[in-house]
Amino acid sequence: MSSRLPKLDLSKSLYTIGLQCKKALWLKKYKPEVLAPTTAKLQAIYDVGNEVGALACELFPDGKEIIFKGSSFKDKAALTQKWINEGEKNIYEATFIFDDIVVMIDILHQKEDDSFEIYEVKSSTWHSNKSINDIYNYVHDVSVQYYVLKGLGYNVSNTYITLLNTDYVRGPDIDINQLFTSVNVTEEVLDLNAQILLNIKSLRETLQDIKNEPNIDIGWHCNNPYICDAHEYCWNTQRGIPDYSIFNIFQFTKNSKSMQLYKDGITKIEDIPKDFKLTTIQELFIDTWKYKKSIINKESIKRFVDSLSYPIYHFDFETFNPAIPLFNGMSSYEKYPFQYSLHIEHEDGTIEHKEYLAEPEQDPREEIARRMTEDIPKGSFMMAYNISFEKSIIKKLADLFPIYEDHLMSLYDNFVDLQTPFKSHDYLTPEMKGKSGLKTILPILVPEMQNSYDELDMVHEGGDAMSIYQKLANAENLETISRYKSSLIEYCKLDTYAMVKIVEKLRHIK
């Protein structure tokens, strides 16, 4: 029997998965059914990556693209070689196979001296304060591409990681040469080249046994550099880690207290030794959970409720943060508001509701600023849940539109945070599991609304709102457009109505 290891197919993505965890690679190849399915949130990230990658190709115009669907990798590699032979200088998704490793290079550029440059495009950001260490995980992606091309005899002179430059502020039109920054990582790739052969050999040894999955324990590698698709399988299914465990009490780092406890066989909060060193907050969370006791500081809650002035303007924004800045004065991933909900609670108990939803693909920022000044009188008593978010958006609008600055800043200065009693632990129950977000508090404090978000159509959380708003831009069917708009309005409306009901419950705590 030959001692030579079989050449098991790898790709750039499988190689990087294997570098993070060999067990994750084995599961991806042989037991994919245990991996987490692609969620709408994850698909949105993929879609952003595709959008950014397509735009980055304009840095090297007049090239040809290898289409992913409709042909085998061998066909793609043959077409790539054909185009190179025909003198194409720029090829997008250029495909190569060497040593049973397939790579598709985002942008392959041939220079005047006939050497090649590799550009790996990422939808992540770069700014002037970053260094290569901040993007070093991506160097591994490029290194395996370099390995394949060098193995095929190509002269690769430079390798780059192309990222979105957040120092760039868009004008009326996008300048893609300013939007993107290409970081030269050739030196780092060359430093890794000798290690690649050893890595590939190790990964193939792991994949040689198709029946027995690797016995690799959970640890820091499960979250670093990415949250693994096998996280639930390894942590919950195999190790029985509770949904609320020691890993929720202690910050999870490479050498955290949670890993120390885990190595001692402790995962349940109630099993943490009494003499284990804890902070005051950690001790509070543990005691609350362990003894199933609630902390309700009635005096502090009463002071909070008594501090409220009527009418209360319960306010909530929904925002969108496109990778590619859509409007003048924006940078990559900068948030802008496209919607708000406003419930006005009067002292006699009457409630008014107002709302705004922008039409997609139009810059809504000035219209939102104007509508806010019409819907909310100057100096009104504002309430939001986690006010730092709403205040940051209002401050940005005030800076952008000086005509509304005085009015908007009078609202900015008058915000009260409804999260305060929960975040400060004046109201703490075991069911909260150490969390104080709106969707945690609502079903606990207002049990009659425990299913309210689940019962909504299409939009159940902020990520859904961004996704549906983006889809709204391309919707053509009137029924679909109506459904998208209704879903967005009802979701945002529920956020502010939930605040009204929480205040009502707090008011009745005696």
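Let me start with one contact. Lys-439 lies over the face of Tyr-453, 4.6 Å from the ring centre. There is another lysine to show you. Lys-76 sits over the face of Phe-73, at 5.3 Å from the centre of that ring.

A caution before I go on. This is a predicted model.

Now the overall picture. The protein has 510 residues, and 48% of them are buried. Its secondary structure comes to 19 helices and 14 strands. The C-alpha atoms fill a box of roughly 80 × 60 × 45 Å along the principal axes.

How many aromatic pairs does the count come to? The count comes to 24 aromatic pairs. Take Phe-247 and Phe-252. They pair edge-to-face, 5.5 Å centre to centre, with 85 degrees between the planes. Are these two buried or exposed? Phe-247 is at 12% relative accessibility, so it counts as buried. Phe-252 is buried as well, at 15%.

Phe-247 has another partner, Tyr-262. Here the ring centres are 6.2 Å apart. The planes stand at 50 degrees, so this pair is tilted. The cut-off matters here: edge-to-face needs over 60 degrees. Which helices does the pair join? Phe-247 is in helix α9, residues 246-249. Tyr-262 is in helix α10, residues 257-263. The pair therefore ties together parts that are 15 residues apart in sequence. Tyr-262 is buried too, with a relative accessible area of 12%.

Step back and you see a cluster. Ring pairs link Trp-220, Trp-235, Phe-247, Phe-252 and Tyr-262.

Next, the cavities. The structure holds two of 30 Å³ or more.

The largest cavity has a volume of about 100 Å³. Its lining has 13 residues. Which of them lie nearest the centre? They are Cys-21, Lys-23, His-221, Cys-222 and Cys-234. Helices α2 (22-30) and α8 (231-238) each supply at least two lining residues. The most comes from α2, with three. By class, the lining of the largest cavity divides into nine nonpolar, two polar and two charged residues.

The second largest cavity is about 50 Å³ in volume. Tyr-244, Phe-285, Thr-288, Trp-289, Leu-428, Thr-429, Pro-430, Lys-433 and Gly-434 line it. Helix α11, residues 280-290, gives the most to this lining, with three residues. The classes here are five nonpolar, three polar and one charged.

Last, a pocket. I want to show you the second largest one. The lining has 32 residues. Nearest the centre of this pocket are Ala-44, Val-48, Phe-320, Met-466 and Gln-470.

To recap on screen. Then go to the largest cavity, where Cys-21 is among the residues nearest the centre. Finish at the second largest pocket, between whose lining residues you will find Phe-320 and Met-466.

Methods. Residues numbered from 1 in each chain as written. Predicted model: local features only at pLDDT ≥ 70, side-chain atom pairs only at ≥ 80, totals over all residues. Heavy atoms only, no water. 1 Å grid on protein atoms, 1.4 Å probe; cavity = no way out; pocket = protein on both sides within 12 Å on 5 of 7 lines; lining within 4 Å. Phe/Tyr/Trp six-rings, centres within 6.5 Å; stacked < 30°, edge-to-face > 60°. Buried < 20%, exposed > 50% of the residue type's maximum accessible area, 1.4 Å probe, protein only. Helix = DSSP H or I, 4+ residues; strand = E, 2+ residues; numbered from the N terminus. Lys NZ or Arg CZ within 6 Å of the ring centre and 35° of its normal. Points joined across faces, edges and corners; volume = space filled by probe spheres on them. Nonpolar A, V, L, I, M, F, W, Y, C, P; charged D, E, K, R; others polar.
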